[in-house]
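Please view the structure first.

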Amino acid sequence: MTETIAAPRYVAYVPLTDLPPATRNPKRHELELITASIDMHGLVEIPVVDERTQRTLHGHGRRESLIEMQARGMTMPGGLVLDEDGGWLVPVLRGWSSRSEAEAEALAIKLNRLPGEGGWDPREFAAVLEDLATNAAELFDSLAIPADEMDTLFGRVDPETLPGGNREDEKPLLHLPDEGERDGGLSPDDEGRDAHTACPACGHQFSTGR
């Protein structure tokens with residue numbers, strides 16, 4: 001247990017100017033991508049405030065992007081409300097209090113790192129990307145997945161086991177890195193297989209990072 005007394009979590013709307021950043025925040029952000037995402041979908045994941053410090057614990061990139069959006073005169077995104085003077089009020093999660101600066105910084109790192117630690121299921125991920133590229137190109141483009149990541153993804157999946165492939169009902173075969181691949185070559189079970197970034201099911205050419 002990190003708290004001796006349970007404290008309820010609640011959402012409060014605060015002015016952007018009342019949401020100061022943490023004293024130290026080593027996380028970097030692709031602010032243009034975050035800004036574009038908030039502009040497209042609204043603010044979905046809200047910042048978290050540490051009650052002990054009254055500073056942002058998690059959500060610095062969203063905070064900075066919202067400040068930039070307001071400065072540019074962009075339309076207020078969904079999820080925010082206007083105050084009486086026309087300022088933007090941002091929803092934040094409150095109720096958690098750190099016991100020390102060390103705990104606050106450790107949790108801030110966990111909140112950024114842990115969601116991505118599980119990685120992606122290559123077959124499911126490839127199938128979702130194929131659907132988006134085919135049926136919702138604007139949403140696919142908004143993912144801005146780098147070309148090398150797309151190459152790595154499709155290099156790990158047997159294309160015949162993807163939806164639409166000849167063996168889509170079989171358990172997907174993953175081609176994991178081995179000594180040959182680390183040296184820039186192919187895994188033994190990939191001999192004769194051409195490198196591919198096109199969807200094996202529909203042939204869509206994924207032009208990533210557009």
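Tyr13 counts as partly exposed, because its relative accessibility is 43%. Tyr13 is found in strand E1, residues 10-15. Helices (H or I, at least four residues) and strands (E, at least two) are DSSP runs, numbered from the N terminus.

## Basis of the model

The model is predicted: local features need pLDDT of at least 70, side-chain atom pairs count only at pLDDT 80 or more, and totals for chains, interfaces and linings use all residues. Residues are numbered from 1 along each chain as its sequence is written, and side-chain values use heavy atoms, leaving out hydrogens and water.

## Helices H1 and H2

The axes of H1 (residues 31-41) and H2 (residues 60-71) come within 9 Å. They cross at roughly 75 degrees. Axes are lines fitted to C-alpha atoms, for helices over the stretch in contact, with angles from 0 to 180 degrees between N-to-C directions. H1 and H2 are therefore roughly perpendicular (65 to 115 degrees; under 35 is roughly parallel, over 145 roughly antiparallel, the rest oblique).

Contact means heavy atoms within 4.5 Å. On the H1 side, the contact residues include Leu31, Ile34 and Ile38. On the H2 side, they include Arg62, Leu66 and Met69.

## Salt bridges

The count comes to 7 salt bridges (a side-chain nitrogen of Lys or Arg within 4 Å of a carboxyl oxygen of Asp or Glu). Glu105 and Arg24 form one at 2.8 Å, N to O. Glu105 lies in helix H3 (residues 101-117) and Arg24 in the loop between E1 and H1, so the pair ties together parts 81 residues apart in sequence. Glu105 is partly exposed at 22%; Arg24 is exposed at 59%.

Glu32 pairs with Arg72, with the closest N and O atoms 2.5 Å apart. Glu32 is in H1, and Arg72 is in the loop between H2 and strand E4 (81-82), 40 residues apart. Glu32, Glu68 and Arg72 are linked in a salt-bridge network.

Definitions and conventions
Buried means under 20% relative accessible area, exposed over 50%, partly exposed in between (1.4 Å probe, protein chains only).
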